[in-house]
Amino acid sequence: MRLTVLGASATYPRPGEACNGYLLQEKDTYLILDFGNGCMSFLARALDFARISAVAISHLHVDHFADLYPLFYALRFHPERPWGLPLYAPDGALEVLGRLLGEESRTFLPRVFSHRVISPGCGFEVGGMRLSFYPARHNVEAYHFRVEGGNWSVAYSGDTAYHDGLLDAARGADLFLCEATMPRAYEKEASIGHLTSRQAGEAARLAGAAELILVHIWPAFDRRVIVREAEEEFGGPVRAARQDMRLSLGE
Ligand SMILES: [Zn+2]
Ligand SMILES: [Zn+2]
């Protein structure tokens, strides 16, 4: 399995980067986890949009779903009409998109995207990958993802405050993409719906993850500080996700 970071900034992008999106590829299966503002441009470097197998959206905040807007148009007017793309997203996702896209889109939205409503504990097969959802703790309905292949597993926190359910999603994962929006000194501020560096490290340690990749770092903060603080808590390998970063598992 190959993972490409399409974007990893929190809420607004760093220069030359995008907000959250992660492309998982195994053989001919291309699964996208979140598709925030700016991801479309970086995905276009890697893939014809017609080849996307499915998109999963953790929650309906723009830094996690905004580029469904251009993706809709890319598919809607694609010469091969690759419609019916499975879109795993919280209830109401097409209504939210419809309000952004306007009246004309409403006929085509449910034809271009085949919305599968996600809920706690549900799971789907995408090619040879198994995708599961765990409720997160955020200020809107939100999920952690876990994706498993034959000999690998990836967990992704989405946006969340610290809670035990995060550990269930990340249990023994080979790769844990965990948000670390703020440095450890900001634990009180983060508690409204995000994690600090230290909490990401603690979650990785308690879940027994093999490697921690920090995502959703607020652009105003120094990634090196966030990585160091998470390392001190985790005790295992930690990196900050970078634009276009590529990782391989199970090969
Ligand atoms: Zn976010
Ligand atoms: Zn959010």
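**Close-up 1. His138 sits in the loop between β8 (129-135) and β9 (143-148).** Strands here, like helices, are DSSP runs numbered from the N terminus (helices: H or I, at least four residues; strands: E, at least two). This is a predicted model, in which local features need pLDDT of at least 70 and side-chain atom pairs count only at pLDDT 80 or more, while totals for chains, interfaces and linings use all residues. Residues are numbered from 1 along each chain as its sequence is written, chains are lettered from A and ligands numbered from 1 in the order in which they are written, and side-chain values use heavy atoms, with hydrogens and water left out. With a relative accessible area of 15%, His138 is buried (under 20% relative accessible area; exposed is over 50% and partly exposed in between, with a 1.4 Å probe and protein chains only). Look for its side chain meeting that of His61 in a polar contact of 3.2 Å (a pair of N or O atoms within 3.5 Å; within protein, one must be able to donate a hydrogen and the other to accept it, and residues adjacent in sequence count only if both atoms are side-chain atoms). The backbone oxygen of Gly193 is 2.9 Å from a polar atom of the His138 side chain. Beyond neighbours within four places in sequence, the contacts of His138 (heavy atoms within 4.5 Å) include His59, Asp159 and His194.

**Close-up 2. Asp63 (OD), His64 (NE2), Asp159 (OD) and His216 (NE2) coordinate the zinc ion (ligand 1) at 2.1 to 2.2 Å.** Donors are N, O and S atoms within 2.8 Å of the metal (3.2 Å for Na, K and Ca); water is not among the atoms, so sites may look incomplete. Along the sequence, the donor residues follow the spacing D-H-x94-D-x56-H. Asp159 also coordinates the zinc ion (ligand 2), 3.5 Å from the zinc ion (ligand 1). Because Asp159 lies in the loop between β10 (153-156) and α6 (164-170) and His216 in the loop between β12 (212-215) and α9 (223-234), the pair ties together parts 57 residues apart in sequence. Asp159 is buried, at 1% relative accessible area, and His216 is buried with a value of 1% too.

Close-up 3. Glu26 is buried yet has no salt bridge (a side-chain nitrogen of Lys or Arg within 4 Å of a carboxyl oxygen of Asp or Glu). The nearest side chain of opposite charge, Lys27, is 5.6 Å away; Lys and Arg count as positive and Asp and Glu as negative, with His and the chain ends not counted. Not counting residues up to four places away in sequence, Glu26 also touches Met1, Gly128 and Met129, among others.
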